[in-house]
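User: Please take a close look at one part of this model. I would like a connected account of the side chains there and where they sit.

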Amino acid sequence: MTLDAVAYGLAWVAVFVTVVIAMTCIPDPRAGLRKLDHTVEALPNVMLGRYLAFAGFTAFVAYLADLRVMAGWGVALAFMAFADTFIYARLGKPYLKHLLAGLAALAILAVVLAALISNGAA
């Protein structure tokens with residue numbers, strides 16, 4: 001077994017763990033967060049860490065310059081922005097910034113997909 005195979009296998013373990021975390025929160029997000037040892041009062045700092053991680057990963061994706069990775073990350077960013085839009089809209093809270101972020105992610109995704117199609121990689 002090569003180190004590449006181990007790395008790919010560990011990537012799938014990370015997928016599994018992330019799915020389990022998400023499934024823990026789906027039925028009741030507040031209860032899920034408690035099970036994951038998160039506290040509501042810490043969420044602003046938790047979100048700061050997430051946004052810093054998103055910025056770093058976005059920079060890595062841009063540096064990597066792989067259109068397929070860019071497309072996948074664009075889908076993820078659009079999903080997150082539209083999920084937040086839906087949450088805030090249902091609560092009657094301001095959501096325009098989240099909606100605009102989702103639309104921007106879709107616009108970038110459209111350009112990335114067009115590039116993939118035009119170069120035959122799609």
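Analyst: Helices here are DSSP runs of H or I covering at least four residues, numbered from the N terminus. The model is predicted. In these terms Val-17 belongs to helix α1, residues 3–25. With 41% relative accessibility, Val-17 counts as partly exposed. Val-17 contributes to a nonpolar surface patch of about 1,000 Å², whose other members include Val-13, Phe-16, Val-20, Ile-21 and Leu-36.

The part to examine closely is the aromatic cluster. Ring pairs join Tyr-51, Phe-54, Phe-57, Phe-60 and Trp-73, and the structure contains four aromatic pairs. In the pair of Phe-57 and Phe-60, the ring centres are 6.0 Å apart and the planes meet at 40°, so this pair is tilted. Phe-57 and Phe-60 lie three residues apart in helix α3, which means about one helical turn separates them. Both are partly exposed: Phe-57 has a relative accessibility of 35%, and Phe-60 has 43%.

Phe-57 also pairs with Trp-73, here edge-to-face, with 4.8 Å between centres and 80° between planes. Trp-73 counts as buried because its relative accessible area is 14%, and the cut-off for buried is under 20%.

Helix α3 itself runs over residues 43–64; at 1.5 Å a residue its 22 residues should span 32 Å, and the 31 Å between its end C-alpha atoms agrees with that.

Definitions and conventions
Residues numbered from 1 in each chain as written. Predicted model: local features only at pLDDT ≥ 70, side-chain atom pairs only at ≥ 80, totals over all residues. Heavy atoms only, no water. Helix = DSSP H or I, 4+ residues; strand = E, 2+ residues; numbered from the N terminus. Expected span 1.5 Å × (residues − 1). Patch = residues over 30% accessible without salt bridge, like charges linked within 9 Å, V, L, I, M, F, W, Y side chains within 5 Å. Areas by Shrake-Rupley, 256 points an atom, 1.4 Å probe, with all protein chains shown as cover. Salt bridge = Lys/Arg side-chain N within 4 Å of Asp/Glu carboxyl O. Buried < 20%, exposed > 50% of the residue type's maximum accessible area, 1.4 Å probe, protein only. Phe/Tyr/Trp six-rings, centres within 6.5 Å; stacked < 30°, edge-to-face > 60°.
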